[in-house]
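These are my notebook entries on a single protein structure. I set down what I looked up, in the order in which I looked.

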Amino acid sequence: MKKKSYLKWFLFFSFVLALSNALIAYIQSSYLSRFMPEGIVGLMFIIAYVLSFLAINYFTSLINRLKIFLTGILIFASLSLSLLIYVFAQNLISVLFAFFLYVVFLNLLWIMLDIYLEFFSKDAVTGRIRGIYWTMANMAWFVSPLITGFILIRFDYSFLFLLGLLLVLFILICFVFKFSGLEVNHFPKAHFFKTVKKVWQDKKLKGIFIICFILQFFYSVMIIYTPLYLYAHAGLSWMQIGVIFTAMLSTFVFMTYPAGYLADKKFGEKEILILGLMVMGVSTLAMAFKFSSNFWFWMMILFMTRVGASLVDIMRDTYFFKHIDFRNVEIINLFRNTTPMAYIVAPLLASVILFFFNSYALIFALTGILVLSGIYFAFKLKDTL
């Protein structure tokens, strides 16, 4: 099979796996709150992402020991097991085990897909390939809130987990039949602190790593605390939340590929990054300074946050993957480790704020300020065009 054919398969994988992930992503915090006080839900996310952080640091060793194909099977099998436990979970212990297992192996899954995709990509078309790849994934995120809202009106959370399980099993079968003979194997052993030092001393990578952390911090706040706030405090129904989230996620579908194309052909990444950070930061601040239970207010504000985030998201990947290749797996690991790092720091900070101030507004305000600080680091980047 030619590389182009393999690439098409991974574009398809990105849609199905993102759909499995997206169906449950925005209900996880609310689901956990059924088994524990709302105030400690953030602590569970912190633990899950500490485990993810550790797992990512050992991911290179795992690939070198099992090879990437068997590693992929292990990842898909573990995700399937976590979702199966979710389907039948009746107590806190089983729910937490499923949650931790799911978060850890979901993070490893997207790193594995990064390695394969970078293997098939050329720098000259990185923006377009990443644009198509993330557009496929974002199409799944786009349709999932409405599907989730529709299901939760008629069924319970278990049905969502079952649907997610079936999607993962489907991709596992495709992966086994299509990729058993593909060799993308041995990588240099990763050393976390050496890799951090290497990135910190590289002016081309340092700024994009900081921007990546800021973006993931934003996502963690939005995924964990926005659904809780809208459902429990603003009084919106899951169906209304589903409509709002569908509208806001449409930006990723319609803006990702054009932005990647413009980065490859016209502007480079710097200007688009700055614009995205500015829009994302200002709209996040707006969430903090006006309390409202109005459906249309939240539709408009959350839509604008994702206009900015969609631009930052694709520019982050485009810039990064133009400066490394698939052999730099230790740097890819560190790049994706910004996600668990952000999901450790953000819930920790938010939990402290909720404990001492009981203020969602302060959480959104600090997030908006952090996002705007990213403009400084974007200015210091050197465009690839």
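**Entry 1: the whole chain**

I note at the outset that the model is predicted.

I then looked up the secondary structure. The protein has 14 helices and zero strands. I asked next how the overall size compares with the chain length. The radius of gyration is 20 Å, close to the 21 Å that the globule rule gives for 385 residues, so the protein is as compact as a globular protein of that length.

For the dimensions I took the C-alpha trace, which spans about 50 × 45 × 35 Å along its principal axes. I also recorded the accessible surface, which comes to about 15,800 Å². Carbon and sulfur atoms hold 71% of that surface.

**Entry 2: aromatic rings**

A pair of aromatic rings is described by the distance of the centres and the angle of the planes. I looked up the total and found 31 aromatic pairs. One of them is formed by Y86 and F161, which are stacked, with 4.1 Å centre to centre and 10 degrees between the planes.

Which parts of the chain does this pair tie together? Y86 belongs to helix α4 (residues 59-88) and F161 to helix α7 (residues 157-179), so the pair connects parts that are 75 residues apart in sequence. I checked the accessibility of each residue. Y86 is buried, with a relative accessible area of 0%, and F161 is buried with a value of 0% as well.

I turned then to a second pair, F295 and W296. This one is edge-to-face, with the centres 5.0 Å apart and 85 degrees between the planes. Is W296 buried or exposed? I found W296 exposed, at a relative accessible area of 61%, whereas F295 is buried at 17%. The cut-off for buried is under 20%, so F295 falls on the buried side of it.

Together with Y31, F35, Y102 and Y157 they form one aromatic cluster.

I also noted a charge placed over a ring. K206 lies over the face of W200, at 4.1 Å from the ring centre.

**Entry 3: salt bridges**

How many salt bridges does a search of the whole structure find? I recorded three.

I took the bridge between E269 and K322 to begin with; its closest N and O atoms are 3.2 Å apart. E269 sits in the loop between α10 (238-265) and α11 (270-288), and K322 in the loop between α12 (295-321) and α13 (329-356), so the bridge ties together parts that are 53 residues apart in sequence. I looked up both accessibilities: E269 is buried at 0%, and K322 is buried at 15%.

I went on to D313 and R316, a salt bridge with its closest N and O atoms 2.5 Å apart. Both residues lie in helix α12, three residues apart, about one turn of the helix. D313 counts as buried at 11% relative accessibility, and R316 counts as buried at 3%.

R316 has a further partner. Its side chain meets that of D317 in a salt bridge of 3.3 Å, N to O. I found D317 to be buried along with R316. I therefore asked which residues are linked here in a network of salt bridges. They are D313, R316 and D317.

**Entry 4: one threonine**

T71 counts as buried, at 0% relative accessibility. With which residues is T71 in contact, leaving aside its neighbours within four places in sequence? I listed F59, L62, I63 and L66.

Technical notes:
Residues are numbered from 1 along each chain as its sequence is written. This is a predicted model: local features need pLDDT of at least 70, side-chain atom pairs count only at pLDDT 80 or more; totals for chains, interfaces and linings use all residues. Side-chain values use heavy atoms; hydrogens and water are left out. Rings of Phe, Tyr and Trp (its six-membered ring) pair if their centres lie within 6.5 Å; planes under 30 degrees apart count as stacked, over 60 as edge-to-face and the rest as tilted. Helices (H or I, at least four residues) and strands (E, at least two) are DSSP runs, numbered from the N terminus. Buried means under 20% relative accessible area, exposed over 50%, partly exposed in between (1.4 Å probe, protein chains only). A charge sits over a ring if NZ of Lys or CZ of Arg is within 6 Å of the ring centre and within 35 degrees of the ring normal. A salt bridge is a side-chain nitrogen of Lys or Arg within 4 Å of a carboxyl oxygen of Asp or Glu. The radius of gyration is taken over C-alpha atoms; the globule rule is 2.2 Å times the number of residues to the power 0.38. Accessible areas come from the Shrake-Rupley method with a 1.4 Å probe; for residues, only the protein chains shown count as cover. Contact means heavy atoms within 4.5 Å.
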